[in-house]
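Subject: Handing over a structure, with notes

Dear colleague,

Please find the structure below, and keep it open while you read the notes that follow it.

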Amino acid sequence: MSSSANIYVDDGSYNKLLSYLMGLDQPQLEEFKICLQSSQLLLGNFQQIPWANLKAIDPTNLLCLLSEYFSERQIWEVTLSIFDNMNLTSQCTEVRAMMNEIAQTQGSQDPSQEEPDFPEEEKDHRRRYRERMKAKILTMWDNIPWPEDHIYLRNVTEKEHEGLKSLLYPNRTGAQPQTIVLEGLAGVGKTTLAMKVVLHWAEGFLFHQRFSYVFFISCHKVRDMKDTTLAGLLSWDWPDSQAPIEALMSHPESLLFVIDGFEEMDVPSTLDESPPCKDWYQQLPVNRILFHLLKKELVPLATLLITTKEYRTNDLKKLLLNPWFVQIVGFTEGDREEYFIRYFGDQNKAKRILHWVRKNESLFHFCSAPMVCWTVCSCLKRQMARNPHFQLSTQTTTSLYVYFFSSLLATAEVSLSDQSWPDQWRALCSLAAEGMWFWKFTFAKKDLKHRHLEAPVIGSLLRLNILRKVSDCEDCVTFTHQSFQVFLGAMFYVLRGVRGSIGGPPKHQEMRVLLNDALADTNFYWNQMALFFFGLLKRNLAEELEDTLRCKMSHRTTDELLEWADELESYDLISSCFEFLHFFECLYETREENFVRQILSHLLEADLDIFGSLQLQVSSFCLKHCQRLSKLRLSVSSAIPQTELTFNLETLETRPHSKIRQWQDVCSVFSNGNLTELDFSNSKLNAFSMKKLCYELRNPRCKLQKLTCKSITPVRILKELVLVLYGNHRLTHLNLSSNNLGIPVSTMIFKTLRHSACNIQYLWLESCGLTPLACRHLFLELSKNSSVRFLSLGDNDLSGVEVKSLQGPSEMPESSLKELSLWFCQLGTSSCKYLSDALLKNKSLTHLNLRKNNLRDEGVKFLCKALSHPDCSLQNLDLSDCSFTAEGCQELANALQHNCNMKILDIGSNDIQDDGVKHLCEVLNHPKCALNTLGLEKCNLTPACCQYLSSVLRSSKSLFNLNLLGNNLEPRGVSTLWKALKKSTCKLQKLGLEKELYNIVKGELEELQERGSFLRVKCKWDFNDLEDKWWW
């Protein structure tokens, strides 16, 4: 049961009431609803329920509705009064008996009854304040306009109410008073839920024991108010304008502040610098008072309940202390289905329409708001009535909104001349756009006057439910749903005119900023505004608006967009978090292929996650037009069918499956002649879709050079890559890391590597779960005519590999392998013995990475036997985090005395201490030492080592890079180093140093650089930076 009435009414009482209502037949139920409109039967001053909310409601939701307007006792009284009027004698007898039973077991539920232990004066304060707040909330409720044909559904679920109840009634004792945030999209019921909290407190059914007073503060109402105090702010809703502040201050833990619409508040940039405020009587701007309240500086023991749209959540997190966020989702899928069925009256038609809406994911997401459901339904119903051949498949989100507004305004009665109407429409769109820029959704009379919006237009827009009056703000209006403001704001940028909406830059520059922000931001409303903007470029929609609104669209918009797209080539879009998928959705919304082809001719790289049907659809539409695309990251988790045909049960016809065609369009970009890098990691593909992909990669026009396939599911489909590896001479880089390859897959791929038709030169097999047998196969195949020059086997357990018989890569005397990475391979001392032999036998190997292996001093000693040999060609060695000490450093120093090839040595994260540095410095001072990069990060060094390093810095002709991060060198150690760094003989160009130590010499470094020094200090050695990465 989706109803939440039993939250406000005792379970047994609720079930009884529901049984009486469900016992009525349909004519009796309709009569009961009509009686609810009678003031005589509503017993005095009981609130009347709008007929629009009653006419189509069922018994369950009727009881829910009654619980919103009446207390439990009042529901019983009204039910008895109506049953008596309907002459339902037996039901009246049962209702009276039930009321007596409730009175005996539970006592009176009169909401005006106060707790007996309060003084009489405070009881009177509380009673009058509750009456005032109840009247205020009910007035606000009644002033919310709904279209006549709107279907009333409860969009606040029992789960949400129960969750809120548990938040405000914490089970644990002595806990920090909580701060609760209700977040969600516009129109999903956040304010409604907050108002119900206040209403049910005022009526005495929820929270009346927990909270003595509940305050409702509307952010849009107070944002432009004059300076006041917290005491003054709380007095605004007091019956006699004088709140009992001293009484409130004495029990702050019993206060609840409901702060509605945080998104309307601007956070001052100087907020962090402002002193804390704890004084209830300090005069401040209202928004400052609210921020001090939110930060728990004012009334720290009070409970806060805040509502906000989800895009302001991060701002709130910076302000609040231990907040609890509750997501308000609005209409569930079941609610949306029920709404469509009840609106159209034809279940089959409604389900067909809803099936189409579901495929339009952004529109379906929007429909979680009841007002959007009404917009979609009313628009489609009008179009279907006007055009018997209307096709849903041709509709877009933008076209729905265009037809919605044009159909409403076509029948609007506005006493304006044809010359005035276009100016008024531009003014409305400009108002909407300006509001979007400044997150302003409530507009005062002065805002309308500033835009020269005339009263007849405002009146018409209110009647058409495009605008509505704000219930708690006199002379203020807002758009009935935020999507209306988003749509009209987007329309502003396609209307003729050069003036911007915010009075600064011209419109075309404003448009560029809008697109750059919207396509680098995940804010739902900016994204939707960009979608509408592109959708309005569709010719037939522009013509529809011109005919209806009598105002011209700009002919320059398309040219300005192409100029904007031309600049995309100069940006690093991936690092700037460009939303490629949303960009493609926007282009797909236009359905203008020539325009899409032109704008995508500037796109050189893309990053796409295809996780659903919509993403596959828009990607297929756009990628086939990306003829200059050179880099593509493509993660696919959307299900692609195994068969090429689909069978329609209704028409008994077979036709090509649309998803197959779309996947073919996606794959067509691989053979565009320009794509050189493809990464489809984290993809879930079947054998059929993988074969299609590989088929395109074998196309003679395919110029692919680098292919990354990490974390592919299922792994067995990687066997299809054999088709690509065999015969594609351009493909030189292959990354299969993070796939548990197993014997069958690894065997097939490794055998292909030896073939002369395979030209793979760089191969990554990290975290592949390789077994000793698989490694044996790999090295065996690489020894047979392999082109592989770089191989990474990192994060595979090679401790069980029979290195003695395999001799590592030593079986490849003529091998082209130059770079070998064996990081974190569980290698130990014994492995080093055979690696040492391999280094001597492989003259081509110049790079070796053994990071994060437990080699210890003994293992380093074995390696140094090879390093000290004149025939050892190794130039780059990474021994970081290998568990050796100063003894190992002594071995390395001895080896380097005989090795003129070693250029880069990283021994960071080893406990070598100052003695280890001393051993190395002895050889670094030698004129024949060629080492240019030394990594000593986190080596437990002290200021004492700086004397040895200073000597090297003064004399070394080769050392350019030195990493000393993570060592406690202290200021005196840095001072010692700095004396050497200032010498003209010092060749060092980059020094890794902790930030606090760098700050000591920052000024002197700037002076050195002004005099032409190339020295830079790095407080973070970034291994994603190619300059710092050394060789991988």
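A residue is called buried if its relative accessible area is under 20%, exposed if that area is over 50%, and partly exposed in between, as found with a 1.4 Å probe on protein chains only. Please bear in mind that this is a predicted model, in which local features need pLDDT of at least 70 and side-chain atom pairs count only at pLDDT 80 or more, whereas totals for chains, interfaces and linings use all residues. Residues are numbered from 1 along each chain as its sequence is written, and side-chain values use heavy atoms, with hydrogens and water left out.

Overall picture

Of the 1032 residues of the protein chain, 56% count as buried. The chain has 44 helices and 25 strands, where helices (H or I, at least four residues) and strands (E, at least two) are DSSP runs numbered from the N terminus. If contact is taken to mean heavy atoms within 4.5 Å, then among contacts between residues at least 6 apart in sequence, 79% join residues at least 24 apart.

Aromatic rings

A search of the whole structure finds 38 aromatic pairs; rings of Phe, Tyr and Trp (its six-membered ring) pair if their centres lie within 6.5 Å, and planes under 30 degrees apart count as stacked, over 60 as edge-to-face and the rest as tilted. In one of these pairs, the rings of phenylalanine 32 and phenylalanine 83 have centres 5.8 Å apart and planes at 65°, so the pair is edge-to-face. Phenylalanine 32 belongs to helix H2 (residues 26-35) and phenylalanine 83 to helix H5 (residues 72-85), so the pair ties together parts that are 51 residues apart in sequence. Phenylalanine 32 is buried, with a relative accessible area of 0%, and phenylalanine 83 is buried, with a relative accessible area of 0%.

Another pair is formed by tyrosine 401 and phenylalanine 484, whose ring centres are 6.3 Å apart and whose planes meet at 75°, so this pair is edge-to-face. It links distant parts of the chain, since tyrosine 401 is in helix H19 (residues 397-410) and phenylalanine 484 in helix H23 (residues 482-492), 83 residues apart. Tyrosine 401 counts as buried at 1% relative accessibility, and phenylalanine 484 counts as buried at 0%. One aromatic cluster is formed by Trp374, Tyr401, Phe404, Phe405, Phe484, Phe487 and Phe532.

Helices

Helix H30 (residues 613-623) has nine of its eleven residues buried, so it is largely enclosed by the rest of the structure. Among the buried residues of H30 are Leu614, Phe621 and Cys622.

Helix H16 (residues 347-359) and helix H18 (residues 370-386) pack at an angle of about 115°, with their axes 12 Å apart; axes are lines fitted to C-alpha atoms, for helices over the stretch in contact, and angles run from 0 to 180 degrees between N-to-C directions. The contact is made by Lys349, Ile353, Trp356 and Val357 of H16 together with Val376, Leu380 and Met384 of H18.

A strand residue

Leucine 678 lies in strand E13 (residues 677-679) and counts as buried at 2% relative accessibility. Its C-alpha atom is separated by 8.7 Å from that of cysteine 709, although leucine 678 and cysteine 709 are 31 residues apart along the chain. Leaving aside neighbours within four places in sequence, leucine 678 is in contact with residues including Leu632, Phe670 and Leu697.

With best wishes
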